[in-house]
Amino acid sequence: MKFLTTNFLKCSVQACDTSNDNFPLSYDGSKCQLEQDESIEFNPEFLVNILDRVEWSAILQVAADLGNTSLPPNKPIFEDKNSLNEDDMAILRDLHILLIQTSIVEGEMKCKNCGHTYYIKNSIPNLLLPPHLA
Amino acid sequence: MLPTPYVKCDYEKVYEPAEDSFLLLDSLEKDQLYLSERFNNTLSVVCELGPGSGIITTFMMQNTMPTNNSIYFALDINPWALEATTDTAIRNSCEKSYLETIQSNLTSSIRNNEIDILVFNPPYVPAETIPDIPMDKNDIDTWLDLALVGGEDGMKITQLVLDQLDSILSINGVAYILFCARNKPENIVKLMKNQWSIELVEHRKAGWEVLSVYRFSRKSL
């Protein structure tokens, strides 16, 4: 599961929808095995559009869960999408490596509201609930 | 006409592409320009529910629908379908697209109002009951049944999605949903048309079945 996907996943328990703690899920860094996958090519425009959309505070939380505390506290902003300078490109390249190339191949994540644990196996997150919670 | 992805799966474990799958491909092809204009210059989050073999998501990736700024989520309860979807994507050289396969019961695992394009070929065959989700990955007959049967009027699962559509779709989001005549889609249109703009994109007679694909979007203010 690619890092960026963590910005879209919430707890499947319906009752948690009314809490603010069902997103992002909390990742157990000691149990998450990371891999770099370079099959998707770097595309600055794609990255800028992704950044427009993501919730940066959740990116920071998940990165910290996984042991990366070196991200800027505020979401990088690009004034003109069509004329990106070298510094912009360097930032976008780093974010490409983090958001798209970094994937969690095995791991665990937990809802901060109900505490339910979900697993990632063979890069596939399993968000199904056991019958008593569904 | 856009080429159909090459699919080779174990159809004892996942739903084999059939007329309904192809009608959805045709609907998306017909709306290709509409979608590329609607989602121009922005990130698009595409989400297919119940991808089965993965033919539809692969078709969208192959043809960069809606744009080349898209990420694709394929959500299925059937673990075999998730593996098949990845296989089909690779078989059709889509490894450079952003595809995530997620084991999930409908969209319960995805944040509200984040999906820009929802595609759903639901289990629509009327049946008295729908089996429970198996605990065992090897209970393949049940996984396959879940891909087909839709309870009363074949609408039980589709109705769950329609009831939540407002919290599933992004502000600008659209949903493509397949129906058979026994689902009585014209009744659904009647019930939902005050709140939603609903278009019949394609319909076709397939054997003794009449299939249709409707597009749902919010009414513009």
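**Helix packing and the chain interface**

Modeller: In chain B, helix α1 (residues 19–30) packs against helix α3 (residues 55–62) at an angle of about 25°, with their axes 10 Å apart. α1(B) is therefore roughly parallel to α3(B), as angles under 35 degrees count as roughly parallel, over 145 as roughly antiparallel, 65 to 115 as roughly perpendicular and the rest as oblique. This is a predicted model, in which local features need pLDDT of at least 70 and side-chain atom pairs pLDDT 80 or more, while totals for chains, interfaces and linings use all residues. Residues are numbered from 1 along each chain as its sequence is written, chains are lettered from A and ligands numbered from 1 in the order in which they are written, and side-chain values use heavy atoms, without hydrogens and water.

Colleague: How are such helices and axes defined?

Modeller: Two packed helices are described by the angle between their axes and the distance between the axes. Helices are DSSP runs (H or I, at least four residues), numbered from the N terminus; axes are lines fitted to C-alpha atoms over the stretch in contact, and angles run from 0 to 180 degrees between N-to-C directions.

Colleague: Which residues of α1(B) and α3(B) meet?

Modeller: B:S21, B:F22, B:L24, B:L25, B:L28 and B:E29 in α1(B) meet B:I55, B:I56, B:F59 and B:M60 in α3(B), where contact means heavy atoms within 4.5 Å.

Colleague: At what angle do α1 and α3 of chain A pack?

Modeller: Helix α1 (residues 44–53) and helix α3 (residues 86–101) of chain A pack at about 75°, their axes being 10 Å apart. α1(A) is thus roughly perpendicular to α3(A). Among the residues in this contact are A:F46 and A:L47 of α1(A) and A:L92 and A:H96 of α3(A).

Colleague: How many salt bridges are found across the interface of chain A and chain B?

Modeller: There are four, a salt bridge being a side-chain nitrogen of Lys or Arg within 4 Å of a carboxyl oxygen of Asp or Glu. B:K96 forms a salt bridge with A:E41, with the closest N and O atoms 2.8 Å apart.

Note on methods
Helix = DSSP H or I, 4+ residues; strand = E, 2+ residues; numbered from the N terminus.
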